[in-house]
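These are my notebook entries on a structure that I looked up. I kept them brief and grouped them by topic.

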Amino acid sequence: MELHIFGIGILTWMVFLPVLGMLIILMLPGTQHTAIRATAAAVTGIQVVLAGVIFANFDRAMIGINDAASFQFVEKVRWITVEAVPWVGRIEIEYFLGIDGLSVIMILLTALIALIGVISSWSITKMVKGYFMLYLLLVAGMMGVFVSLDFFLFFIFWEFMLLPMYFLIGLWGGPRREYAAIKFFIYTFVGGILMLLTMLALYFSVAYTDAATGETVHTFNLLHMMNPANFVEGGLLAGLDTSWRYAAWMALFINFAIKIPLFPFHTWLPDAHVEAPTPISVILAGVLLKLGTYGLLRINFPIFPDATEYFVIFMAILGMISIIYGALNAMAQTDFKKLIAYSSISHMGIVVLGIASLNTQGMVGGVLQMFNHGIITAVLFLSVGVLYDRTHTRGLYDFGGIANQMPRYTGIAMVGMFAALGLPGLNGFVSELFSFLGAFAAFKWITMISVTGIIFTAGYILWTIQRVYLGTTPDKHKNLQDLTPREYLMFVPLIVLIVLMGVYPAPAIELMNTSLSYLAEFMTGVQP
Amino acid sequence: MAEQTLQSIGLYLPEITLVLALTVIILADLLAERFRNAGGWILLTGLVVAGFFTFRQFGASESIFFDMAAVDTYGAYFKSMILLAAGFVTVFSLRSAELKAYASRVGEYYMLLAGMVLGMLMMVGSTNVLLIYLAFEVTSLSSYVLTGFTKKSPRSTEASMKYIIYGSVSSAVMIYGISLLVGFTGATGIYEINAALSGGIASDQLLLVNLAVLMIVVGMGFKVAVVPFHFWAPDVYEGAPFPVTSILAVGSKIAAFGLLTRFFVITFTTATDGGGAAGWSVVDGIRWDLLLGAMAALAMIVGNLTALRQTNIKRMLAYSSIAHAGYLLMGLVVLTGQGLAAMMFYLFVYLFMNLGAFYVAMLFSNATGAETLADYRGLGHRAPLQAVSLTIFLVALTGLPPTGGFVAKLFLFGAAISAGWIWLVIIAGITTIISLFYYIRVVRVMYFEKPDEGAEPLRFSADTRVVLLLLLIPTLALGLYFSPLMDLSRAAVAIFGF
């Protein structure tokens, strides 16, 4: 499947439209707030439309994962070639984009969340021009990671997100924004260096022979790295189950675990979330965290199936700890945003547990949970944002009886809350069920302990509902305005998806089933 | 004989151009007193002409003046970088507020700068220890005086004094080492020395030869400012006026690496690809690869850790340049074609990103007298273009994509990994993380801290914006497309037999 618009592939449009939008905003005078916002909205709106086109044209039966021929919307251009030199052979870096069942759903999520984020950013009034320029760069970076099939490209997009995020938290954030921003930056940068070193080690260990010229070619192509036949004799990461391969797996894993964030690499997240402005929290929890689990599935699993197999229990245990630790921590919070931040850690733990099972059910559950959590957590952060805009506080004990004041808002927020809790009929339930089912088949005890996390989740969510939305209203919070049309606009698509995917998740599962079944088979098929 | 000399002159045109420029500057200074800046423009013209001659030397492979110097792609690559750096620094000088205070002596300044550039051009081409030493001293003497050029500033004078003392001691040590080596081998050409050494060293003389090489390492280590010979750098960088600091940090470093690499690789190694200890075994005894590796590691650690504590921008950049010398040295340590090519690539990117950082710092200093980090408060709002540029230069120095700094680090780290220097790469990785702290701190102060009440936006003339873009565009472009430069670097290191 290929799709071109004005001769340029659709994935390139998806990635570089925001950059285009940024350039347009750069030309606009800084005082034209409406024009700037409209440009950002238009760009992300077009992205959503394009995502719809991709959704409609995506062939559900094609596999992808490690087979270049069955990726879709592929764009492959020689980007950098250093001609054959005696001591290494040819060096090749490609502009190689393509999607399969694993990435397509992430692209849909990114496009949607980016648009919602723009709508939510309407209330930003400080340095509007700079804000939206950085915002669009961030979106471009995220989109780029999801469509890259060349490690070099993947890395560039990955690191590219750092600086915009740093500024977005550091300039538009809350009181402790500088601390949060630098903490985020350093954590992610440490991971980035680990990934850089592993990437280089992989690069020198992998080479294929060009059929046309008979040259040895070193490449950053991820798909070539997945093929054991391409490992060069004596390469650092050649072979199976060597300690270097374990070390490399671990380095990559730490990088991705920081992004997920998995216990014990999670400590940047509560700070970043609490300080970030609402739309950035939405992006952070909605998309950025998914990059971590996506990276595991795209890079760690298929390139190091042996090491993954070796560390799978370790992963599951970290997932379990995150689920329970996150939930318990959430229960102890008095700040609404921090509570949701910890709930994110808990819910991302479910993803890790699910994909660690290495069976179809668990993986589908995990990836679906990535999507669902993106939607749900966006609703939660937006609903905190709505309250904060009106009351300028996030303390859970400062509220009460909001349901009387803002009934429609409360209804919407409750749907999000219950979806997070895993109420059947809403989307969270489906993906958590699949994840736990898959995990149970693989590790009984770990899963059984993990499931108790659900009880704590119910605990903190119900308690929050009681503290914030029910009870009596404090005097200072009388006469709060219910949702404005703009706020409806950002909530409604998300709520519709929550309900729809809860009742009828088949369209989403169909998207990824083929790819993930194959990945599960591939993972368990490779035995030393 | 005369014929060879004539032919050699034809291949020595870049250096000769510089000598002519130097002479014209002196004359112009005497005759046209009213046009103070004439020297700068003459130098700039000289550099362009020299650049044209250098450009024609790409692809050549000649030995000139009876094997005193070589003209080859490797030399041309380094000469181009030196001329480029010198060109930028001349432009900086024309705009420098520090030098304006010495308007009546500015002719001397450009004369000395021309002399320094001449010395640096000679450094990267020499293949004879006598010429090497001569070139080394021409560069050093000019830079001592340039450092103290703003003589009313005590810091500048102090820096110059320190520089002279350190410099003369280390070059004395080096010439002692060289004379031991010449005495032992009976040759002054580096190829002949290599042949003599490869022929085997009697065991009773081994200690002597080791000592001689060690002494040369000291001299050259001083010039590239690598730990533990770096102590002069922070004071000199801080004391010297901005343009001089820039040429010391960039031009001098490029020339020193050009010389160091040619001298060491040809004299003390045999070309064995794959890297490691084998290539260094010409002079048995000390494990040279380990020694240089340890120096590189120390430079990265000490440079980056000390930079963390600096509050003066120049000092911070001085320590950062010590750290970068460490990264660069990795390329020589691994001793593979890949490593050396990566080092040359790194130098090229380093030229733009480091000059860029110095340039913005100079502009800020011109406009507000800013020298310390605290003076950078709110500059992000007062000078948007300059602050964004500085951010990009610092990000490039950190090694983040999509800048040239990232690609340069990628190639260097890659070369070290593929040669098996895993521990060195891990140190390089960790210190890169450390470097993020102090680079990003500047960005934080510029953007996150509010400017003082009533601070006006800063205005800069259009020509400074052009210069800024000239530095900025390559820094970014090399992050996205770099194969021609990499091809060129790889072609250049072919002279070593890789």
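**Entry 1. A salt bridge in chain A.** I looked up Glu487(A) and Arg390(A) and found their side chains joined in a salt bridge, 2.8 Å from N to O. I take a salt bridge to be a side-chain nitrogen of Lys or Arg within 4 Å of a carboxyl oxygen of Asp or Glu. Glu487(A) belongs to helix H19 (residues 485-503) and Arg390(A) to helix H14 (residues 360-391) of chain A, and the two residues are 97 residues apart. Helices (H or I, at least four residues) and strands (E, at least two) are DSSP runs, numbered from the N terminus. Glu487(A) is buried at a relative accessible area of 4%, and Arg390(A) is buried at 19%. Buried means under 20% relative accessible area, exposed over 50%, and partly exposed in between (1.4 Å probe, protein chains only).

**Entry 2. Basis of the values.** The model is predicted: local features need pLDDT of at least 70 and side-chain atom pairs count only at pLDDT 80 or more, whereas totals for chains, interfaces and linings use all residues. Residues are numbered from 1 along each chain as its sequence is written, chains are lettered from A and ligands numbered from 1 in the order in which they are written, and side-chain values use heavy atoms, with hydrogens and water left out.

**Entry 3. Arg155(B) and its partners.** I noted a salt bridge between Arg155(B) and Glu238(B) at 3.2 Å, N to O. Arg155(B) lies in helix H8 and Glu238(B) in helix H11 (residues 232-239) of chain B, so this pair ties together parts 83 residues apart in sequence. Arg155(B) also meets Glu371(B) in a salt bridge, at 3.4 Å. Glu371(B) sits in the loop between helix H15 (337-368) and helix H16 (379-382) of chain B, so the parts tied together here are 216 residues apart in sequence. Arg155(B) is partly exposed at 37% relative accessibility, while Glu238(B) is buried at 14% and Glu371(B) is buried at 16%. I found these residues in a network of salt bridges, whose members include Lys162(B), Asp235(B) and Arg315(B). Over all chains, the structure holds 22 salt bridges.

**Entry 4. The interface of chains A and B.** How many residues does each chain give to the contact? I recorded 38 from chain A and 39 from chain B, contact meaning heavy atoms within 4.5 Å. The two chains bury about 3,500 Å² between them, 83% of it on carbon and sulfur atoms; buried area is the accessible area (1.4 Å probe) that two parts lose on being put together, summed over both. The count between the chains is 1 salt bridge. It joins Arg444(B) to Glu178(A), with the closest N and O atoms 2.9 Å apart. On the side of chain A that touches chain B, H7(A) gives the most, with 13 residues.

**Entry 5. Helix H9 of chain B.** Which residues of helix H9 (residues 190-198) of chain B are buried? They are Ile190(B), Ile193(B), Asn194(B) and Leu197(B). These residues are on the same side of H9(B), because they cover an arc of only 100 degrees around the axis, taken from the directions from the helix axis to the C-beta atoms. The buried residues of H9(B) pack against helices of chain B, among them helix H7 (129-147) and helix H10 (203-224). Gly200(B) follows H9(B) and has a positive phi, near 110 degrees.
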